[in-house]
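Dear colleague,

I am passing on the structure below, and my notes on it follow. Please read them with the coordinates open.

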Amino acid sequence: MCASLGKPAQVLRETRLETAERSRLVLPIGAIDALPQNSRLFWHVDAIDGARLHEAAWCTRTRPSESTRLAVLMRTFGRTLDLRQQLMRLADAAAGDAFLGAALASMDFWVLDASPQAQGLWRDAADHGLNLRVLSGPNLGGGGNASHLIHHFLAACDAAPDEAPNEVLILDDDGVVSMESMARYLLGCTLRTRQHITSLPIL
């Protein structure tokens, strides 16, 4: 099914499965580009007589790009501990999972910490098990710190274009994001064939 803003949910494909054995069902939904913009895909399953759904997954024939590298930009002022804990949660989740570990290895984390004594708070940055670069600077406010971080990031990309990431994700320091969500975002980037910019409303 497909849900679009201001419109009722649309049924893309519907089928009925009757079997006494465990079986697999594939429902092609066509090209993603043919769907309405800003829409959300979801499943709706009705089961009767004790039927059980063992697994469901989205699949694509598109070959993922093997050269995708994601830069995750984060800035903070006064929330160093929260940001460190977020990064540690990502590293811990990826430590015991091959898929999440491979995704994390394809990410570069850039942190701009404008907190007082920020340099001393990140002396163990290399111990996080991340591709982590920590910068410090004056507190220029939320937008100013973001611009300052982006400036340093772009300067590094210009200095070493062959090593520059080709995807960028900017996160706030008070967000809680799972490694699973990060890996899914990275996977979506590897399947994308067009340049795309997504932003949440800034209040």
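In what follows, a residue is called buried if its relative accessible area is under 20%, exposed if over 50%, and partly exposed in between, with a 1.4 Å probe and protein chains only. This is a predicted model, in which local features need pLDDT of at least 70 and side-chain atom pairs count only at pLDDT 80 or more, whereas totals for chains, interfaces and linings use all residues. Residues are numbered from 1 along each chain as its sequence is written, and side-chain values use heavy atoms, with hydrogens and water left out.

Seven of the seven residues of E3 are buried, so the strand is largely enclosed by the rest of the structure. Leu-70, Val-72, Met-74 and Thr-76 are buried on one side, as are Ala-71, Leu-73 and Arg-75 on the other, and both faces are therefore covered. Strands are taken to pair if DSSP finds at least two bridges between them. E3 runs parallel to E4 with seven bridges, Met-74 standing opposite Val-111, and E3 also runs parallel to strand E6 (residues 167-171), with five bridges, where Ile-170 is the bridge partner of Leu-73.

The salt bridges come next, each being a side-chain nitrogen of Lys or Arg within 4 Å of a carboxyl oxygen of Asp or Glu. The structure holds seven of them. Arg-79, partly exposed at 33% relative accessibility, meets Asp-82, partly exposed at 31%, with an N to O distance of 3.1 Å. Arg-79 also meets Asp-173, at 3.9 Å from N to O; since Arg-79 lies in the loop between E3 and helix H1 (80-95) and Asp-173 in the loop between E6 and helix H5 (179-191), this pair ties together parts that are 94 residues apart in sequence. Asp-173 counts as buried, at 13% relative accessibility.

A further salt bridge, of 2.9 Å from N to O, joins Arg-84 and Asp-124, and this pair links distant parts of the chain, with Arg-84 in helix H1 and Asp-124 in the loop between helix H3 (118-121) and strand E5 (132-136), 40 residues apart. Arg-84 is buried, with a relative accessible area of 15%, whereas Asp-124 is partly exposed, at 29%. By shared partners, salt bridges join Arg-79, Asp-82 and Asp-173 into one network. The charged end of Arg-84 also sits over the ring of Trp-122, 5.5 Å from its centre (the rule asks for NZ of Lys or CZ of Arg within 6 Å of the ring centre and within 35 degrees of the ring normal).

As for aromatic pairs, rings of Phe, Tyr and Trp (its six-membered ring) pair if their centres lie within 6.5 Å, and planes under 30 degrees apart count as stacked, over 60 as edge-to-face and the rest as tilted. By this rule the count comes to two. The rings of Trp-43 and Trp-58 are stacked, because their centres are 4.7 Å apart and their planes at 15°; both residues lie in the loop between E2 and E3, 15 residues apart. Trp-43 is partly exposed at 47% relative accessibility, and Trp-58 is partly exposed at 48%. The rings of Trp-110 and Phe-153 form an edge-to-face pair, with centres 5.4 Å apart and planes at 85°, and link strand E4 (residues 107-113) to helix H4 (residues 141-159); Trp-110 and Phe-153 are buried.

Kind regards

Technical notes: Helices (H or I, at least four residues) and strands (E, at least two) are DSSP runs, numbered from the N terminus.
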